[in-house]
Amino acid sequence: MFIKEYLSDIFNATKSLFTGMKRTGYYFVHPKEIITEQYPDNRDTLKMAERFRGEVIMPHDENNEHACTGCTACELACPNATIKIITKFELTPEGKKKKALDTFVYHLELCTMCGLCVEACPTGAIQMGQNFEHSVFDRSMLTKKLNNPGSKIREGVE
Amino acid sequence: MYTETQILKDTTQTAANGSEGELVINVGPQHPATHGVLHLVITLNGETIKKVEPHLGYIHRSIEKMCESLTYRQFIYVTSRMDYLSAHINNHACAMTVEKAMQIEVPQRAQYIRVLMDELTRVASHELWWGAMAMDLGAFTPFFYAFRERETINEIMEETCGARLTMNYMVPGGVMADLHPDFVRKVKAFIQLFKDHIDEYDELVTGNVIFQNRMKGIGYLSKEDAISFGCSGPVARASGVNCDIRKLSPYEVYSQVEFDEVLQTEGDSFARYLVRIAEMKQSIRIIEQLIDGIPEGDFQAKTKAVLKLPKGEFYSRVETARGELGVYIVSEGGTTPYRIKFRSPGFSNLSALDHMVRGSKIGDLMATMGTLDLVIPDIDR
C-alpha cells in the first residue's frame with residue numbers, strides 16, 4: 001500500500017512538472033511572443049508616453065519667449081521645495097514697474113515627479129518632459145535654470 | 001486570550017525542548033526572501049520554529065509626520081510611497097478623506113476612472129505577488145510570466161497618469177487629468193491578454209504537486225485569530241472573515257457593480273493563494289462592467305486653490321490589494337493637518353506571522369511569508 005502511494009506520488013509530481021514544462025517549452029519555440037525590450041540598444045526607437053513625467057521643462061518658442069509670469073504658484077504647490085523662483089522688476093513702456101521672472105531654479109535632485117507644479121501653473125508655462133536619463137557626474141549639475149538666458153515673457157500672457 | 005492551538009504549540013515548546021539546543025538566527029534586514037528591509041529574529045529548535053520576532057523601523061520615513069507639514073493637495077503624493085504596489089488606492093483613500101471632510105461631490109466620470117484604476121492596480125499588485133511568491137518557493141519562471149501582464153498595466157498607467165508606479169493621479173475632487181484616448185482600447189486588449197494567460201498560471205503553479213505540498217496546511221490561521229490579530233484583505237478572507245470594504249461600506253461606484261467577495265475557509269497558505277488568484281478574476285469582472293459605460297463629463301470637481309478642512313476628525317477606509325487601509329485626519333481648521341494616522345494592512349497581517357508559523361519548519365516560514373504579501377514600506381511608513 002505504502003509503495004503504491006509512494007510511486008503514485010512520484011508519478012503525479014513528475015506529471016505536474018511536465019505540465020508546467022510544456023508551457024515553458026511553448027515559449028522556448030515561440031520567441032516572437034516574448035516581449036522583452038533591449039534597453040539601451042533601442043534608444044533610437046524608444047518613445048516614452050506623452051504624459052510621462054520625467055523632469056520639469058519650460059518650453060520656449062522661436063523668439064526665445066516663455067509664458068512664466070513669476071507668480072510662484074508652482075513654488076507653493078511643490079511639496080519638496082524643488083522650485084525656487086527669483087523675480088525682478090521690469091519697467092513697462094508706460095513707465096510702471098512690473099514683476100517678471102528672473103531665474104527659474106529647478107532642483108532635479110529633490111524632485112519626485114509628482115506633477116503638482118504643472119497642475120498649479122495658471123499659464124501653462126512649465127511641462128513635464130520625457131527625458132528620464134538623469135545621471136550626471138556631479139550633483140551640482142542637477143540644479144538647473146529652466147529659463148533660457150535672455151528670454152522674456154511672451155506678449156499677452158498675464 | 002489563549003486559543004486552543006496556541007496552548008498546544010506552547011506545550012510542545014516548553015515541555016519537550018526547553019532552552020537547550022535553541023538557535024537564534026537573523027533573517028534580514030537584507031535578505032532576498034523578505035522583499036525589503038524586514039528583520040526577523042527567529043528562534044529555532046533544530047529546524048522547528050519556536051518564535052518569530054519581526055524587528056521594524058529599517059525603512060521608517062516618518063510619512064505621518066511629514067504629512068503634517070504638507071497641505072491637503074501635497075500630502076497625497078507621499079502616500080504613494082507607503083504601499084508602492086497599490087499606490088493608486090492609497091492616493092484614493094487620502095483624496096476620499098479630504099472630500100468627505102470638505103463635502104466635495106466627485107463627478108460620476110471621476111468615480112468611474114478611480115474605480116477602474118483601483119482595480120487595475122489591484123490586478124498589477126496580485127500579479128507581482130504571484131511571481132514573487134513563486135520565486136520565494138524556488139520557481140523562477142512564473143516571475144517573468146507575471147511581469148508580462150503587469151507590464152501591460154504599467155504601460156496603461158504610464159500613458160494616462162504619467163508614471164508607472166507612484167502615479168499621484170488622484171487629487172481632491174477627482175483625478176488629475178482625463179483618460180488617455182487610447183485607454184479604453186488598451187484596457188480591453190489587456191483583459192483579453194489576461195484571460196488568455198490566467199490558465200497558464202494554474203498550469204504552471206497551482207496544479208503542481210510540489211507546490212501544493214508546500215502550501216496546503218501550512219501557516220494555518222483560524223477565523224478567530226484572524227479577527228483578533230486585526231488581519232484584513234486576502235489574508236483574513238482566506239480564513240473565512242467577511243472583510244471586503246468594497247462590500248461592507250461601498251465607496252465610489254462599487255455599489256453599482258457586481259462582484260463576489262472571494263472567501264475560503266481553510267485558512268492555510270494555499271487558501272490565501274487561491275483567494276488572490278480568484279480576486280484577480282473578480283477585478284477583471286469589475287473592469288469589464290465599467291469600461292464600456294464611462295460617462296461623459298468633468299473629471300475633476302471645481303475646488304478652491306487652497307483647501308482648508310473644517311475643524312474635526314475624519315476617517316475613511318478603502319480596500320487595497322493587501323487589505324483595509326484607513327486614513328485618519330485630525331484638522332484644526334488650517335491648511336495642513338494637525339495629525340494624520342494611517343492604518344496599514346501590512347502591519348496587522350505581519351503581526352499574525354508569529355502565530356502562524358510557530359511549530360512549523362523554517363522552509364514553511366518563507367512560504368507563509370510569501371502568501372502574506374508583505375510590502376515593508378507599508379508596514380514601517
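**View 1. Strands E1 and E2 of chain B.** In chain B, six bridges link strand E1 (residues 22-27) to strand E2 (residues 39-45) in the antiparallel sense. Strands (E, at least two residues) are DSSP runs numbered from the N terminus, and two strands pair if DSSP finds at least two bridges between them. Opposite Leu23(B) stands Leu44(B) of E2(B). The model is predicted: local features need pLDDT of at least 70, side-chain atom pairs count only at pLDDT 80 or more, and totals for chains, interfaces and linings use all residues. Residues are numbered from 1 along each chain as its sequence is written, while chains are lettered from A and ligands numbered from 1 in the order in which they are written.

**View 2. The hairpin of E2(B) and E3(B).** E2(B) also pairs with strand E3 (residues 48-55) of chain B, in the antiparallel sense and over seven bridges. Thr43(B) has Lys51(B) in E3(B) as its bridge partner. Two residues lie between the strands of this hairpin, in which Gly46(B) takes a positive phi near 65°.

**View 3. The open sheet of chain A.** Three strands of chain A, in the order E3-E4-E6, form an open sheet with antiparallel pairing. Its edge strands, E3 (83-91) and E6 (143-145), each pair on one side only. On average, neighbouring strands are turned by 30° against each other, direction ignored; the axes are lines fitted to C-alpha atoms, and angles run from 0 to 180 degrees between N-to-C directions. E3(A) is joined to strand E4 (residues 97-107) of chain A by nine bridges, and Lys88(A) stands opposite Ala100(A) in E4(A).

**View 4. The domains of chain A.** Chain A comprises domain 1 (2-33) and domain 2 (55-151), with bounds from an automatic or database domain assignment. Taken over C-alpha atoms, the centres of these domains of chain A are separated by 59 Å.

Methods. Helices (H or I, at least four residues) and strands (E, at least two) are DSSP runs, numbered from the N terminus.
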